[in-house]
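Please keep the viewer open while reading.

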Amino acid sequence: MRVYQVSGYREMSQRAADLIIAQILLNPQSVLGLATGSTPIGVYERLVEKHNRGELDCSGLTTFNLDEYCGLSEEDPQSYHYFMNSHLFSKVNIRKDKIHIPDPSGDIEKECKQYDSLIEAHGGIDLQLLGIGNNGHIGFNEPGTVYEGGTHCVDLDESTIQANARFFDNPDDVPRKAVTMGMKSIMLAKKVLLIANGEAKKAILEKSLYGPITPMVPASVLQLHPGLIVVWSAD
Ligand code: F6R
């Protein structure tokens with residue numbers, strides 16, 4: 001595990017973006033795993049800036065997002081489809097047919113199986129970007145007694161619903177369910193880039209990186225990942 005402690009959100013975003021850019025320059029056909037939430041917004045801004053300067057070609061990339069809420073349409077501003085479009089996909093030259101986000105609108109079980117098969121068919125994820133929930137979740141793999149391997153449907157933890165209520169006008173509108181990539185898909189990524197910032201994430205990050213490995217702290221399993229890079233800022 002490599003841990004970079006940096007100073008502030010800007011530096012965290014730049015450092016993480018530099019690592020992703022290096023991955024893309026070394027392999028323009030990379031398969032990237034992507035995250036949503038407030039933490040990666042600055043990383044996506046840096047990628048867009050680099051692209052706008054004519055220094056980043058995303059046309060060969062394939063992307064797989066970690067998760068999506070159930071019950072929101074792709075056009076809903078709170079959906080992760082909408083988030084990814086507005087922060088990244090509409091601003092760089094990623095091909096639309098190479099973008100993958102779980103689609104919970106139809107037969108969810110079938111969708112989950114297809115999602116995992118598609119990741120496998122692409123040879124797995126080269127670099128997976130992750131944020132971390134206040135309760136230690138990665139993707140929407142919530143604390144529990146078992147690790148769910150593949151893409152699956154989850155009941156969101158009460159603490160996640162409360163944490164994500166900040167994005168919604170009415171806390172009752174926060175979806176209670178989501179589809180998420182499982183721990184196996186995340187752990188099979190060749191490299192994992194975990195980003196976090198702020199005092200509120202300090203305790204859970206320390207617990208995840210240095211505490212016992214347990215499904216009650218899902219991110220703790222990342223200690224077993226040989227290619228884990230953490231970029232973290234306390235402020
Ligand atoms: C989002 C995701 C979540 C977030 C986590 C942290 O795709 O998978 O695990 O990374 O909830 O969210 P923020 O960055 O908003 O603190």
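At roughly what angle do the axes of α2 and α3 cross, and within what distance do they come? This is a predicted model, in which local features need pLDDT of at least 70 and side-chain atom pairs count only at pLDDT 80 or more, while totals for chains, interfaces and linings use all residues. Residues are numbered from 1 along each chain as its sequence is written, and side-chain values use heavy atoms, with hydrogens and water left out. The axes of α2 and α3 come within 10 Å and cross at roughly 40°, where axes are lines fitted to C-alpha atoms, for helices over the stretch in contact, and angles run from 0 to 180 degrees between N-to-C directions. Helices (H or I, at least four residues) and strands (E, at least two) are DSSP runs, numbered from the N terminus. On the α2 side Ile-41, Tyr-44 and Val-48 meet Phe-83, Met-84 and His-87 of α3, contact meaning heavy atoms within 4.5 Å.

The largest nonpolar core has 30 residues, and those with the most contacts inside it are Ile-20, Leu-88 and Leu-193. Such a core is a set of buried Ala, Val, Leu, Ile, Met, Phe, Trp, Tyr and Cys residues joined through side-chain atoms within 4.5 Å; buried means under 20% relative accessible area, exposed over 50%, and partly exposed in between, with a 1.4 Å probe and protein chains only. Elements that each supply at least two residues of this core include α2 (41–52), α3 (80–87) and β9 (191–197), but α1 gives the most, with 6 residues. Apart from this core lies another, of 27 residues, among them Val-31, Ala-189, Leu-222 and Leu-228.

Counting as a disulfide any pair of cysteine sulfur atoms within 2.5 Å, the model has 0 disulfides. Cys-112 is in none, since the nearest cysteine sulfur, that of Cys-153, is 6.9 Å away, and at 5% relative accessibility Cys-112 counts as buried. The sulfur of Cys-153 is 4.3 Å from its closest cysteine sulfur, in Cys-70, which is too far for a bond; Cys-153 is partly exposed, with a relative accessible area of 35%.
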